[in-house]
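Subject: Structure handover

Hello,

Here is the structure you were expecting, with my notes below it. Please read them with the model open.

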Amino acid sequence: MTESRRGFLKLAGLSAVAVAGSAAVSAKATRSEGHEPPATTGKRLALVVDLRKFAKDDALFAAVVEACHKAHSVPDFGDDAKNEVKWIWTEPFETAFHSEEFHYIREDLKGKPTLLLCNHCDNPPCTRVCPTQATWKRAEDGVVMMDWHRCIGCRYCVVACPYGSRSFNWKDPRKAANLAGLDPKAFPTRMRGVVEKCTFCDERLARGEEPACVAACPNGEMAFGDLNDPASEVRRLLTEHLAIRRRPGLGTQPEVYYIVEDPRSLMEVAPAAEVFEVEEGGHA
Ligand code: SF4
Ligand code: SF4
Ligand code: SF4
């Protein structure tokens with residue numbers, strides 16, 4: 001590492017908390033001023049995770065994580081949690097959706113694994129703090145991108161992301177066990193000292209393919225597409241089902257949605273005839 005880069009990183013470390021703080025303030029300020037509705041021109045890519053379908057097959061979580069991490073040569077340092085690098089992972093439902101709305105949650109959701117990844121926020125605090133534009137929101141479709149060659153490892157973005165979606169390579173990722181046998185040309189490996197995260201499989205999108213995690217789902221447990229397209233599957237799912245997003249109060253406008261309930265089940269009431277019979281019985 002050169003002296004100038006080391007000097008910059010030292011300065012970056014000292015200022016990271018201040019910058020992240022201002023990013024959070026900025027996000028809240030945007031919210032209090034009234035967040036602009038998302039652009040209706042161009043694409044607005046989004047991912048929908050159907051937790052009702054995932055509940056039917058717990059093994060699918062691991063398969064989806066493996067599909068993503070294999071496709072992107074994500075390093076695996078085993079039990080070394082401090083150095084963990086992750087693009088998609090699971091946490092219990094109540095941790096994933098830890099907010100005031102979920103102090104009391106349905107028993108069947110408690111402890112259930114929930115898939116988490118970068119939310120490709122419409123209003124991302126992470127991109128605003130990057131001093132080198134190594135991460136940015138792509139104007140044409142809203143994907144929050146990464147350029148590892150421009151990343152100087154200052155970790156401003158890690159502090160600014162309220163979802164823990166970014167990982168820093170404390171160790172050399174090329175020496176991780178799970179990289180053995182992978183084709184290094186399939187996806188570029190990263191180096192020690194850079195940040196990485198899910199990029200909505202931009203390399204697959206460029207080839208006209210769906211994201212690897214979506215392709216790993218056999219029964220439509222995940223869907224991906226353009227929310228600005230009224231005919232898209234994601235638009236249909238969000239129109240027909242009740243979906244939630246992580247920490248909506250922050251004003252970041254996540255583009256990953258979770259279906260937790262079919263609203264029709266909330267509207268189901270006993271047929272009038274049955275109600276009548278009970279009432280009749282009660283009076284008999
Ligand atoms: S989830 Fe985090 S890393 Fe992803 S766009 Fe939002 S703030 Fe940035
Ligand atoms: S992407 Fe790299 S350079 Fe940009 S804020 Fe994150 S760590 Fe710093
Ligand atoms: S969209 Fe692609 S990069 Fe993101 S979690 Fe899914 S497979 Fe991984």
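Two strands are said to pair if DSSP finds at least two bridges between them. Helices (H or I, at least four residues) and strands (E, at least two) are DSSP runs, numbered from the N terminus. This is a predicted model, in which local features need pLDDT of at least 70 and side-chain atom pairs count only at pLDDT 80 or more, while totals for chains, interfaces and linings use all residues. Residues are numbered from 1 along each chain as its sequence is written, and chains are lettered from A and ligands numbered from 1 in the order in which they are written.

Strand β1

β1 (45–50) pairs in the parallel sense with β10 (residues 256–261) over 4 bridges; there, Asp-50 stands opposite Ile-259. With β8 (residues 222–226), β1 pairs in the antiparallel sense over 5 bridges, and Leu-45 has Asp-226 as its bridge partner.

A residue counts as buried if 20 or more other C-beta atoms lie within 10 Å of its own, exposed if 12 or fewer, and partly exposed in between, with C-beta atoms placed from the backbone. By that rule 6 of the 6 residues of β1 are buried. Leu-45, Leu-47 and Val-49 point one way, and Ala-46, Val-48 and Asp-50 the other. In a regular strand the side chains alternate between the two faces of the sheet.

Arg-44 lies in the loop between α1 (3–32) and β1. Arg-44 is buried because 21 other C-beta atoms lie within 10 Å. Its C-alpha atom is separated by 5.1 Å from that of Asp-226, 182 residues apart along the chain.

The core

A nonpolar core is a set of buried Ala, Val, Leu, Ile, Met, Phe, Trp, Tyr and Cys residues joined through C-beta atoms within 7 Å. The largest one has 56 residues, of which Val-48, Ile-88 and Met-222 touch the most other members. Two residues are in contact if their C-beta atoms, placed from the backbone, lie within 7 Å. Leaving aside neighbours within four places in sequence, the contacts of Val-48 include Met-222, Val-234, Leu-238 and Ile-259.

Helix α3

α3 (residues 59–71) has 13 residues and reaches 19 Å from first C-alpha to last, close to the 18 Å expected (1.5 Å times one less than its number of residues). Among its buried residues are Leu-60, Val-64 and Cys-68. Their cover includes α2 (51–54), β2 (88–92), β3 (113–117) and α8 (212–215). Just after α3, Ser-73 takes a positive phi of about 50°.

The ligands

A residue is near a ligand if its C-beta atom, placed from the backbone, lies within 6 Å of it. Ala, Val, Leu, Ile, Met, Phe, Trp, Tyr, Cys and Pro count as nonpolar, Asp, Glu, Lys and Arg as charged, and the others, Gly among them, as polar.

- Ligand 1: 14 residues surround it, the closest being Cys-118, Cys-121, Pro-124, Cys-126 and Cys-161. They divide into 8 nonpolar, 4 polar and 2 charged.
- Ligand 2: of 13 residues, Cys-130, Ala-134, Cys-151, Cys-154 and Cys-157 come nearest. The shell has 9 nonpolar, 3 polar and 1 charged.
- Ligand 3: the surrounding residues include Cys-68, His-72, Cys-198, Cys-201 and Cys-213. The shell has 10 nonpolar, 2 polar and no charged residues.

Cys-126 is found in α5 (residues 125–128). Cys-126 is buried, with 28 other C-beta atoms within 10 Å. Cys-126 and Cys-157 are 31 residues apart in sequence and 4.4 Å apart in space, C-alpha to C-alpha.

Regards
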